[in-house]
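Here's a quick briefing to read with the model open beside you. Have a look around first, then come back for the details.

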Amino acid sequence: MSSFFGFLNGANQYGRWVPEPVIKAKAIAGGSTLDFSQAIFVHPVITIHACAFWGGVTLIVPPNVHVEQNGEAILGGFGAGGGVYHRSRSAMPTTVSNSGITI
């Protein structure tokens, strides 16, 4: 399991990387950005547990990746907001499942 924790600063992942099937991303008075636009997907489903308090967790995914969201927002936002365009030639469909809470 990968873990990203941003406290008063950023905990980010960009570029070419292989995401694990379960990822924890937390941001307290800071931010955490996970950019999947150049990621190498080896798992059909990636689950991200996100938690933000006075901060934010941003996920960037290519358009061919299906995103399922299940979470709550208290004095914040939780939901879709755009992304970057990237074309993948992957034969395996990928699903990113995001659950968490934003305060």
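Which residues does Leu-34 touch, not counting those up to four places away in sequence? The list is Phe-4, Gln-13, Ile-23, Ala-25, Ile-48, Thr-58, Leu-59 and Ile-60, where a contact means heavy atoms within 4.5 Å. Bear in mind that this is a predicted model, so local features need pLDDT of at least 70 and side-chain atom pairs count only at pLDDT 80 or more, while totals for chains, interfaces and linings use all residues. Numbering starts from 1 along each chain as its sequence is written, and side-chain values use heavy atoms, with hydrogens and water left out.

**The overall picture**

- The chain has seven strands and zero helices, with helices (H or I, at least four residues) and strands (E, at least two) taken as DSSP runs and numbered from the N terminus.
- Read from the N terminus, the order of elements is simply β-β-β-β-β-β-β.
- Of the chain's 103 residues, 31% count as buried; buried means under 20% relative accessible area, exposed over 50%, and partly exposed in between (1.4 Å probe, protein chains only).
- The accessible surface comes to about 6100 Å², and carbon and sulfur atoms own 56% of that; these areas come from the Shrake-Rupley method with a 1.4 Å probe, and for residues only the protein chains shown count as cover.
- Among contacts with a separation of 6 or more, 56% are between residues 24 or more positions apart.

- The average pLDDT of the chain is 76, and 70% of the residues score at least 70; pLDDT is the predictor's confidence in each residue, from 0 to 100.
- Residues 82-88 fall below 50, and this stretch has 11 contacts in the model beyond near neighbours in sequence.

- β1 runs parallel to β2 (residues 22-28), and six bridges join the two; strands pair if DSSP finds at least two bridges between them.
- One to pick out is Phe-4, whose bridge partner in β2 is Ala-25.

**The core and its neighbours**

- The largest nonpolar core has 13 residues, and Ile-23, Leu-34 and Phe-36 touch the most other members. A core here is a set of buried Ala, Val, Leu, Ile, Met, Phe, Trp, Tyr and Cys residues joined through side-chain atoms within 4.5 Å.
- β2 and β4 (45-53) are the elements that give two or more residues to this core.
- Thr-33 sits in strand β3 (residues 31-35) and counts as buried because its relative accessibility is 14%.
- Leaving aside neighbours within four places in sequence, Thr-33 is in contact with Ala-11, Asn-12, Gln-13, Tyr-14, Thr-58 and Ile-60.

**Aromatic pairs**

- There are three aromatic pairs, counting rings of Phe, Tyr and Trp (its six-membered ring) with centres within 6.5 Å; planes under 30 degrees apart count as stacked, over 60 as edge-to-face and the rest as tilted.
- Phe-36 and Phe-41 make a stacked pair because their ring centres are 6.1 Å apart and their planes lie at 15°.
- Both Phe-36 and Phe-41 are buried.
- Ring pairs tie Trp-17, Phe-36 and Phe-41 into a cluster.

- Leu-8, in the loop between β1 and β2, has a positive phi of about 60° although it is not a glycine. Leu-8 is exposed, with a relative accessible area of 60%.
- Trp-54, in the loop between β4 and β5, also isn't a glycine and has a positive phi near 55°. At 67% relative accessibility, Trp-54 counts as exposed.
- Pro-63 lies in the loop between β5 (56-60) and β6 and is exposed at 51% relative accessible area. Pro-63 and Ser-37 are 26 residues apart in sequence but 8.8 Å apart in space, C-alpha to C-alpha.
- Gly-71 belongs to strand β6 (residues 66-73) and is partly exposed, at 34% relative accessibility.
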